[in-house]
Amino acid sequence: GDVGRADGCKKTPWTQEEDEALRRGVREHGPKSWDAIALALPGRASKSCRLRWCQHLSPELDSRPFTPEEDEEIIRRQHEFGNKWATIARYLTGRSDNAVKNRWNSTLRKQQLGAHDTEAAADDQAVRVCLQLFPMTAGVLEEEAEAAAAAEGDVATDLTLGLPGLGEASAVDLSLSL
């Protein structure tokens, strides 16, 4: 049943009959005179009528699934404008701000977070591999590291790498600070 509210407006799903009455009202008054249109819909406020039309019933709306190109546009514009859905929707013909917002929140935002998680995981893996190849002594002062290396008989802190048969000019100098 209908939920009674202090302002006299329903907060229930729209019925097919109400949708038809709204379409008739828009045909009679145009999609601007929402107060006049709401008079034919007992319990529905003009704002509710406008939102129902603009978000769901307008024949200009495109209700097909979003295309990959539209998704790319939403992602690009969300990075540019943030969550300004009405602004972003202007770049997508036939898409309401609400449809764009729902697409972002239901799918694209999660994909973007997943992409960042994948990048972060790859970075973490690269750090782990690097530390395995080039272990470091965390928190050890330079003098202590040199003393420890000398005690182990390993005192080289400067390395020169190059290819055999090439002169000194082609060598790469790697100075290691321990």
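So, which residues make up the largest nonpolar core? There are 11 of them: W14, A21, L22, V26, W34, I37, A38, L41, C49, W53 and L57. By nonpolar core I mean a set of buried Ala, Val, Leu, Ile, Met, Phe, Trp, Tyr and Cys residues joined through side-chain atoms within 4.5 Å. Buried is under 20% relative accessible area, exposed is over 50%, and partly exposed is in between, with a 1.4 Å probe and protein chains only.

Quick housekeeping. This is a predicted model, where local features need pLDDT of at least 70 and side-chain atom pairs count only at pLDDT 80 or more, while totals for chains, interfaces and linings use all residues. Residues are numbered from 1 along each chain as its sequence is written, and side-chain values use heavy atoms, with hydrogens and water left out.

The elements giving it two or more residues are α1 (16-29), α2 (34-38) and α3 (46-57). Helices here are DSSP runs of H or I, at least four residues, numbered from the N terminus. A second, separate core has 10 residues, including F66, I88, W104 and L108. As for L57, leaving out residues up to four places away in sequence, it touches D19, L22, R23 and R52; contact is heavy atoms within 4.5 Å.

Now α1 on its own. With 14 residues, α1 reaches 20 Å from its first C-alpha to its last, close to the 20 Å expected at 1.5 Å a residue; the expected span is 1.5 Å times one less than the number of residues. Its buried residues are E18, D19, A21, L22, G25 and V26. Why do they sit on the same side of α1? Because they cover an arc of only 160° around the axis, the arc being that of the directions from the helix axis to the C-beta atoms. That buried set packs against α2 and α3. On the face turned away from it you find the exposed residues Q16, E17, R27 and E28. Just after α1, G30 has a positive phi of about 85°.

On to charges. The structure holds nine salt bridges, a salt bridge being a side-chain nitrogen of Lys or Arg within 4 Å of a carboxyl oxygen of Asp or Glu. One joins R44 and E18 at 3.0 Å, N to O. That pair links distant parts of the chain, with R44 in the loop between α2 and α3 and E18 in helix α1, 26 residues apart. And are R44 and E18 buried or exposed? Both are buried.

Another bridge pairs E70 with R95 at 2.9 Å, N to O. E70 is in helix α4 (residues 68-81) and R95 in the loop between α5 (85-89) and α6 (97-133), 25 residues apart. E70 and R95 are buried too. There's also a salt-bridge network linking E73, R76, R77 and E80. Then D62 bridges to R64, with the closest N and O atoms 2.6 Å apart; R64 is partly exposed at 47% relative accessible area.

Last, the rings. Rings of Phe, Tyr and Trp (its six-membered ring) pair if their centres lie within 6.5 Å; planes under 30 degrees apart count as stacked, over 60 as edge-to-face and the rest as tilted. That gives two aromatic pairs. One of them is W85 with W104, tilted, 6.2 Å centre to centre and 40° between the planes. W85 is in helix α5 and W104 in helix α6, 19 residues apart. W85 counts as buried at 12% relative accessibility, and W104 at 6%.
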